[in-house]
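Me: I would like to learn how to read the features of this model one at a time. Please give the general idea before each case.

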Amino acid sequence: MTPQPPFRVPAFRHPLQELTVNPRATHRRALACAATVITAGLLLTACGGGKDDSKGSAPAGAKNAGDKSSTVSIGISDKDCAPTPATVPAGTITFDVSNKGSAKVTEAELLDGGKILGEKENLTPGLSGDFTLNLDAGKYQIYCPGAKTEKTDFTVTGAAEKTWKDDPALVTATQQYATWVTGEVKELVAGTDAFTAAVKAGRTDEAKTLYGKARIHYERIEPTAEIWGDIDGRIDGRIDDAATAADFTGFHRIEQSLWEKNSTAGLGVLADQLSADVHDLYTKVQTVEYQPAAIANGATDLVNEIQSSKITGEEERYSHIDLLDFDGNLAGANEAVTVLLPVLKVKDPTLAATVAQRYQATADALKAYAATPGYENSGYVDYRKVTDAQRRVLAQAVDAYAESVSKIAGKIA
C-alpha cells in the first residue's frame with residue numbers, strides 16, 4: 001500500500017456530518033431496507049415501514065417539520081451516550097454531540113428501528129458537532145457503537161403545526177436538488193460503463209484516464225449514495241474498510257490494480273459488479289425525497305469528506321487524483337447550498353453572504369492546483385506534489401467553509 005502522507009487534518013468541531021452504514025469500517029454500516037431513511041443528511045422513501053408516520057406516502061420527518069424547535073445534548077462516553085432531554089416535541093430538533101473523553105466511542109447515531117436517521121462521527125475526545133433533523137412523534141434510539149450501554153431510548157411527542165412543504169421556495173429547492181442528483185447519477189452510469197469496458201478489454205492506459213471521469217460524478221452525490229450503505233461500500237469502499245479481501249470491491253479495488261500493478265488482469269468480475277451496482281444506484285436514487293435541512297446536512301457532509309479523506313490523501317491512495325475528488329465534493333456541496341440560497345438569503349442574509357464568500361475562497365484555493373490536461377487527465381496536478389504546508393492552506397479554507405455551511409440546516413429547518 002502506498003504510504004499515507006504525514007499531514008492529517010483533525011476532525012471538524014462544527015460541521016453536521018451524517019450517517020453511513022456497514023463495511024465502511026466505523027464510517028459505513030449496512031442499512032436494512034427502510035421505508036424512510038435520512039442517511040448522510042438525505043431523506044429516502046423506499047420499501048415498508050414500522051412507525052405510523054412511515055406507513056403512508058409521507059416520508060418520516062417530512063410530514064410535520066414545523067414551528068417547534070428543540071435542542072438535545074448528547075455526551076459521548078465509555079459508559080453511554082444518553083440524550084438530554086430524552087423526550088422532546090415533534091418538529092425541528094438539533095442534536096449537539098460532544099465527546100466527553102472517550103477514546104473508543106467517537107460517534108452517536110439517531111436510529112428509528114433499523115434505520116439510521118442522523119449521525120455525528122469522528123469525534124475524538126474534546127471535539128463536538130451537531131446535526132439538525134425534522135422529526136415526527138415516535139420512539140427512537142441514540143446509538144453509540146462501542147459504549148457499555150450502546151443504545152438509549154429517545155422519544156418525540158405530539159405534532160408540529162407546520163411543514164417545510166408549506167413553503168413553495170423550499171419545495172422548489174428539494175425538487176431542483178432531486179433533478180440534479182438524478183442527472184449526476186446518469187452521468188456516473190455512463191462514465192462507469194465506459195471505464196469498466198476499458199478495464200475488461202485490457203486497455204490499461206485508457207482505463208486510467210476514464211477512472212477519474214467516472215469518479216467525479218460519484219463524489220458529487222456521495223451523500224445520496226451513502227443512503228444505501230451496502231451499495232456504497234461495494235462501489236466506493238477502501239481497503240481498510242473491508243472486513244476481508246473479498247469485500248474490497250468497486251472503484252478503489254480496480255484503482256489499486258491499475259496503478260500498483262499497471263494491469264487489468266483478473267478485474268473482469270469486479271468491473272461487472274461495479275457497473276451493476278452503479279446501475280442499481282441510478283434506479284434507487286429515483287425513490288429519494290429530500291427535506292431542506294437534510295440537503296443542507298448533506299452539503300456539510302461533502303465538505304467534511306474533503307477534510308477527512310481528500311486533503312489527507314487517503315481516498316485516492318493509488319492514483320493520487322485526490323484533487324479531482326476534492327473538486328467533486330466541493331461542487332456537490334455548492335449545488336446543495338445553491339438550491340437553498342434563495343430561502344437562506346431571506347432568513348439570514350449575512351450567513352448567505354458568508355457561505356458564498358467562503359465557497360469562493362475554497363474554490364480559489366483549489367484552482368491553484370489546476371492543470372491542463374493535468375496528471376492522469378484529471379485537470380489537476382499529482383496530489384503527491386502538494387506539500388504538507390500547501391495542504392494546510394487548503395484545509396483552512398475548507399474548514400472555514402464547513403463552519404458556515406454547517407449553520408444552514410438550523411436556519412431553514
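Reply: Start with burial: buried means under 20% relative accessible area, exposed over 50%, and partly exposed in between, with a 1.4 Å probe and protein chains only as cover. Helices (H or I, at least four residues) and strands (E, at least two) are DSSP runs, numbered from the N terminus. In helix α9, the buried residues are L351, A352, V355, T362, A363, A365 and L366. The model is predicted: local features need pLDDT of at least 70, side-chain atom pairs count only at pLDDT 80 or more, and totals for chains, interfaces and linings use all residues. Residues are numbered from 1 along each chain as its sequence is written, and side-chain values use heavy atoms, with hydrogens and water left out.

Me: What do the buried residues of α9 pack against?

Reply: Contact means heavy atoms within 4.5 Å. The partners are α8 (322–347), α10 (388–405) and α11 (408–412).

Me: What span should α9 have?

Reply: The expected span of a helix is 1.5 Å times one less than its number of residues. For the 19 residues of α9 (residues 349–367) that gives 27 Å, and the end C-alpha atoms are 27 Å apart, which agrees.

Me: How should strand pairing be read?

Reply: Strands of a sheet pair through backbone hydrogen bonds, either parallel or antiparallel. Two strands count as paired if DSSP finds at least two bridges between them. Here an open sheet of four strands runs in the order β4-β3-β6-β9, with mixed pairing. Its edge strands are β4 and β9 (128–135), each pairing on one side only. Strand β6 (residues 91–99) is antiparallel to β9, with eight bridges between them; S98 has S128 in β9 as its bridge partner.

Me: Which way do the residues of β7 point?

Reply: In a regular strand the side chains alternate between the two faces of the sheet. From β7, A108, L110 and D112 point one way and E109 and L111 the other, and all are buried. Strand β7 covers residues 108–112. It runs antiparallel to β10, joined by three bridges, and the partner of L111 in β10 is Q141.

Me: How many disulfides does a search of the whole structure find?

Reply: A disulfide is a pair of cysteine sulfur atoms within 2.5 Å. The search finds one. The sulfur atoms of C81 and C144 are 2.4 Å apart. This pair links distant parts of the chain, 63 residues apart: C81 is in the loop between β3 (69–76) and β4 (83–84), and C144 in the loop between β10 (138–143) and β11 (151–157). The torsion about the S-S bond of C81 and C144 is about -95 degrees, so the disulfide is left-handed. Both C81 and C144 are buried.
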